[in-house]
Amino acid sequence: MSDLTRTPGFASRLGAGLVVLLVVAPIVGLLIALVNPLPDPFGMPQLTFSDVVSQSNASNLLVNSVALATLVSVIAVCLGGWLAWAEQRMRYPFRKALCVASLLPLAIPSYVLAGTAAEALGPGGWLGQPLGLPKFSGFWTAVLVLSVVTTPYVQLLVSAALARGSGSEEEAARCLGAGRWRVFWAVIFPRIRAAVALSGLVVMLYAISDFGAVAVLDCEVLTWRLYQAVQAQSIAEATILGVAVLLATLPLFVIALTLGGGDPASGVANPRPPALWRPGRVVVGLTLLLHGLIIGMGLLLPVITMVGWIVSGWQAGFVFAGQIQPLWDTCVLAMTGAAITGLMAFAPAWIAARDREQVARPVTVLTLMTSALPGVLLAFGLILVALRGSSVLMGDGRLYVMLVGSGALLFVGYLIRFLAEGFASLRTAVSQLDPRQEDSARVLGVSRLRWFGFVAMPTLGPGITVTWVLLFLAIIKELPVTLLLGSATGRTTLAFRVWDRYNEALWHDAGVAGLLLVGLALLVLIGSLRWRRSV
Amino acid sequence: MWIMALVFGCATQSVDTQVQGPVVVYSGRSESMVSGLFERLEAQTGIDVEVRYADTPELVTLMLTEGASSPADIIFAQDSGHLGALANAGVLMTLDDDLMNIIDPRFRDDNNQWVATSGRARVLVYNANDVAVSELPQKLSDLSDPKWKGRLGWAPSNGSFQSHVSALRHLWGEDETKSWLTAVMANDPQRFPKNSPQVQAAADGAIALGWVNHYYLHRKTTGDDYGARNHSFSVPGDAGNILMLAGMGIRNGSPRQQAATQVIHWMLSEEAQVAFAQENFEYPTRVGINTHAEVTPVDQLHLATVNQSWLADLGPTRAMLQALGLL
Amino acid sequence: MSEIPLEIRGLTHRYGEHAALNEVNLSISTGELVAVLGPSGCGKTTLLRAVAGLVTPLAGEILIGGASVVSDGVERIGAEKRRVGLVFQEYALFPNMTVAANIGFALPKKERDVRVQKMLERVDLEAFGSRLPAQLSGGQQQRVALARALAGRPQLMLLDEPFANVDASLHARLGDELVQTLRQEGAACLLVTHDSADALMLADRVAVVVDEGEGGRVVQVASPQELYQRPSTQAVARLTGPAWFLEGQADGDSVMTAIGVLRLMSPRQGQVTLVIRPEQLVFQPQADGEHNVVSWQYMGRGYRAVCEVDGGVLVGVDCRDSTGSQKGTVTASCPVWAL
């Protein structure tokens with residue numbers, strides 16, 4: 001009926017193609033590095049793929065990586081999905097406040113949570129000592145930390161999808177004799193399936209490419225080995241491991257995309273809000289416990305620990321470094337980066353939500369592909385492409401220096417790194433546009449462009465805001481890309497401060513920078529949550 | 001801001017010889033340690049310095065990758081091994097003798113391609129309540145003694161650890177290093193990702209001995225009641241007593257060599273060296289500057305005789321550690 | 001003995017401050033189609049949802065098939081188990097399922113395919129089984145919604161404004177089909193609407209619900225003919241069709257009005273208000289007639305002469321042709337009803 005309206009035009013296809021080209025650039029760069037490797041500065045022979053693969057525990061690392069990513073993803077989807085359900089469909093005391101607070105761990109970088117948890121829950125920590133806990137490190141602690149950090153993301157996306165549910169369909173199903181379970185699986189789940197699958201996929205990509213938390217917690221996965229390789233300047237080895245990481249994510253893609261599928265966009269003029277559930281004591285108790293876990297471990301623990309650092313530093317009379325400049329720099333970089341990334345993610349999200357399967361699937365895969373690439377490899381890949389491009393186009397490194405110095409390379413780096421998060425969020429929003437509204441606009445003689453500007457954009461407003469907020473938060477927490485590509489712009493970020501001071505055991509400064517980072521994130525997050533009401 | 005840098009970048013690259021524009025320093029040394037020094041340098045010499053902070057290995061790789069297009073003028077490395085690697089790759093320019101003569105002969109590069117600006121000592125950190133001074137090992141090889149079973153800590157993934165093991169391979173030979181590592185592993189040491197948590201763990205009593213760099217302790221100390229202390233091995237020239245040097249080199253082909261040389265001069269000046277010693281608790285390299293009162297003077301460190309390039313030989317070390325399952 | 005499909009006693013409900021229903025009583029016999037007619041906001045949708053089990057009314061009792069499903073504010077049988085078929089105003093088809101899957105939703109696997117096929121034939125959509133709802137027109141969707149509700153052989157059908165989204169010209173035809181389908185399935189039906197033409201055309205009985213501020217109440221329940229010809233209040237009269245009201249003095253079988261002496265349907269005495277339907281009046285154009293024509297309206301099927309009678313009261317008279325005259329005499333051609 002409205003197929004013609006829904007097929008995206010040339011402009012959006014072009015935009016999506018452009019994004020895909022950019023996204024593939026670092027891979028090209030890394031391939032250049034593999035084909036033309038730098039001589040090892042320590043005179044070691046160059047490693048080949050088979051060398052790396054046959055190293056004693058290479059398969060062990062791969063298994064660990066996949067296991068970590070899968071576990072974290074499953075846990076985050078279950079917990080985040082539950083919290084989304086609780087937020088939209090349940091009634092229990094303090095529901096609104098708790099659900100907002102459960103999103104706040106989005107403000108905490110994974111390495112900060114890992115670092116503060118390792119300290120607080122370790123044998124000498126303020127929690128670990130009285131409880132007699134063993135050393136906080138290893139695989140399972142990484143699962144815990146990464147799950148806590150990613151659950152809010154799932155909650156955010158699934159909650160948005162649930163909020164637009166049509167109560168009439170659920171009531172119809174009930175009158176047809178469907179019990180609660182059947183109503184959920186037949187009517188509600190199809191509406192949120194795409195959001196669940198996409199957010200699960202993004203979490204998987206995040207977990208498999210995480211650098212900071214696994215380094216702090218000494219968890220033996222591919223990225224941890226990659227970190228070692230970079231430390232030993234073996235970029236070739238790092239590249240091979242990076243390729244291994246990408247290959248490890250391919251089956252995960254297939255699974256997630258099969259589950260995701262297309263989602264039905266049915267618009268009802270005034271969707272009746274669905275019936276709310278007042279659950280029994282056990283369910284409420286479990287939900288409150290879950291809130292406690294996420295808020296306690298994901299927000300309170302790191303904040304309290306960092307305050308403790310600051311207090312003991314102040315008591316010891318240590319000098320505190322100024323943090324205003326990094327705060328400002330962080331804001332500037334993150335706001336610009338989030339805007340650019342969100343903008344660029346729009347075209348692929350549009351295509352993925354509205355185009356034919358044959359076009360939507362490959363666009364989704366290609367767009368998300370490099371999100372599994374760890375930041376350091378991404379940065380080097382881009383540098384290599386820029387260098388090669390510069391020498392080809394201009395004969396020397398001027399173009400490269402310009403790209404780095406102007407920050408262009410940095411923002412491309414952010415784009416590639418966080419495209420997945422922005423894409424997932426935007427796609428969910430776009431897929432909820434009402435085709436009947438479009439049809440009536442067409443009939444009224446409104447041009448495509450006007451419809452887009454005056455009808456679609458306001459509807460997408462909340463979704464776009466959520467996307468920008470997610471990207472902003474992701475960028476302020478980001479480290480490796482900022483370090484390698486951002487320092488040339490002369491800006492220092494708070495994330496850098498935390499990392500730098502933590503490395504030098506200047507915990508009081510790390511605490512200040514960390515709290516500022518978290519405070520900034522909380523400000524933006526809470527400030528934008530009122531938009532969510534209408535998402 | 002970056003528009004300015006864009007325009008700036010264009011402008012600076014279009015002139016070949018000595019140009020205006022900031023001296024670009026790739027610093028593997030932490031911002032917390034050196035940014036104050038650079039500010040003072042700028043105020044005193046009027047030279048504009050633009051410092052980019054990151055991990056030393058990444059910066060070295062970056063310089064190698066960028067090659068002739070690199071905007072870097074100076075590399076300020078956390079340890080000498082990487083400076084040696086850059087020198088071997090022909091990236092660094094030969095420095096004048098008068099620059100080299102400022103520092104202690106022990107801390108010079110043979111080929112005059114880099115200078116050491118300060119040093120950190122490898123030490124054992126121990127829990128003062130748990131371990132009596134008389135019990136402490138006097139040689140590094142004593143760590144394999146079974147009496148330390150379950151009481152040790154180390155950080156095999158840390159750069160300083162790997163540099164030290166590289167030195168051991170040259171001091172003791174491959175086989176003896178390997179068997180020593182295996183013996184210590186039999187004592188079931190606790191793994192740490194880096195140095196600073198070991199100091200805290202020692203103070204808390206979670207471990208009795210940790211193998212770290214000396215200055216973390218001084219960062220933590222709030223008084224005599226702090227539970228941890230540093231210990232250097234008393235056998236003169238023992239392989240456990242190594243000084244790890246941080247230093248600077250100038251990129252071959254940098255258009256700002258004069259200004260860069262001035263920067264290095266300032267880093268070796270009395271004022272800068274005193275700052276390294278008093279503020280950072282490090283070992284100064286300039287002849288005649290004293291260490292901080294709380295830090296063991298360099299003569300009492302009983303240093304082993306080590307060629308700095310040994311510390312750079314990380315490749316085979318990583319291979320050995322991987323084969324042993326430590327990496 | 002067959003149970004009464006639906007009985008409602010004393011149903012009362014409010015949403016916060018706003019009273020929705022006020023002591024509503026109603027019952028439906030086997031195979032009967034009862035329409036609930038009333039203006040928007042009178043509470044008729046609440047009534048429907050209460051019967052369906054989507055709302056638990058604060059007071060009153062509902063019995064479906066003889067079994068009490070809710071009483072005194074306590075739900076005894078939930079919506080899932082009531083075996084009523086509900087067709088929403090917006091159809092609420094499951095967008096991700098085919099037409100066949102929608103219709104077969106309530107059915108056990110064994111009989112699903114056969115029954116779905118039968119229902120598709122019933123509603124004339126045999127070829128559409130594998131389509132998705134988004135590919136259907138509004139009328140087709142309505143028929144699917146109907147088939148879906150009927151598939152499970154409910155004891156009672158509930159329809160919420162079934163023709164609200166359908167073209168006026170199709171009402172009659174679809175209405176016929178609806179009634180036929182319901183009769184074939186033998187289902188009793190409660191139909192809620194604000195459209196009097198639909199109610200009068202389809203229903204066996206019509207209940208008029210009006211909200212006078214205290215919640216919706218059933219003002220009159222009767223057959224369509226009775227409701228139209230003998231409405232109990234002005235509101236009912238207006239709801240059921242075009243009506244004009246004249247004051248008159250009644251004396252037994254006749255009444256004195258501004259348009260002369262008229263016969264009454266039932267004997268009355270004293271001051272009465274008469275309900276006049278347009279088809280009951282006749283207009284005689286006369287140059288010296290006592291009634292002025294205010295305007296002539298063209299209605300397609302004829303003309304309406306709007307005349308002023310009795311100083312200010314307007315009545316409309318339907319005529320085949322327009323004579324364009326300004327004056328004439330208005331008389332009644334049959335007995336009229338007094339409220």
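Domain bounds, as used in these legends, come from an automatic or database domain assignment. The model shown is a predicted one, in which local features need pLDDT of at least 70 and side-chain atom pairs count only at pLDDT 80 or more, while totals for chains, interfaces and linings use all residues. Residues are numbered from 1 along each chain as its sequence is written, and chains are lettered from A and ligands numbered from 1 in the order in which they are written.

**View 1. Chain B and its two domains.** Chain B is divided into domain 1 (21-119 + 243-303) and domain 2 (121-239 + 311-323), and the centres of these two domains, taken over C-alpha atoms, are separated by 27 Å. Where the domains meet, 18 residues from domain 1 of chain B and 19 residues from domain 2 of chain B take part in the contact; two residues are in contact if their C-beta atoms, placed from the backbone, lie within 7 Å. On the side of domain 1 of chain B that touches domain 2 of chain B, the elements giving two or more residues are α4 (80-88) and β9 (243-250) of chain B, and α4(B) gives the most, with 5 residues. Helices (H or I, at least four residues) and strands (E, at least two) are DSSP runs, numbered from the N terminus. Sorted by class, this side of domain 1 of chain B has 7 nonpolar, 8 polar and 3 charged residues, where Ala, Val, Leu, Ile, Met, Phe, Trp, Tyr, Cys and Pro count as nonpolar, Asp, Glu, Lys and Arg as charged, and the others, Gly among them, as polar.

**View 2. The side of chain B that touches chain A.** Here 53 residues of chain B are in contact with 48 residues of chain A. The largest share of the side belonging to chain B, 8 residues, comes from helix α3 (residues 56-66) of chain B, and by class this side has 26 nonpolar, 16 polar and 11 charged residues.

View 3. A residue is called buried if 20 or more other C-beta atoms lie within 10 Å of its own, exposed if 12 or fewer, and partly exposed in between, with C-beta atoms placed from the backbone. If its neighbours within four places in sequence are left aside, L152(B) is in contact with L143(B), N187(B), P189(B), Q190(B), I207(B) and L209(B). L152(B) and A202(B), although 50 residues apart in sequence, are 9.3 Å apart in space, C-alpha to C-alpha.

**View 4. Positive phi at Y91(C).** Most residues other than glycine have a negative phi. Y91(C), however, is a residue other than glycine whose phi is near 70°, a positive value. Y91(C) is found in the loop between β7 (84-87) and α2 (99-103) of chain C, and counts as buried because 25 other C-beta atoms lie within 10 Å.

**View 5. Positive phi at E161(C).** E161(C) is not a glycine, yet has a positive phi of about 45°. The loop that holds E161(C) runs between β8 (156-160) and α5 (168-185) of chain C, and E161(C) counts as buried because of its 21 C-beta neighbours inside 10 Å.
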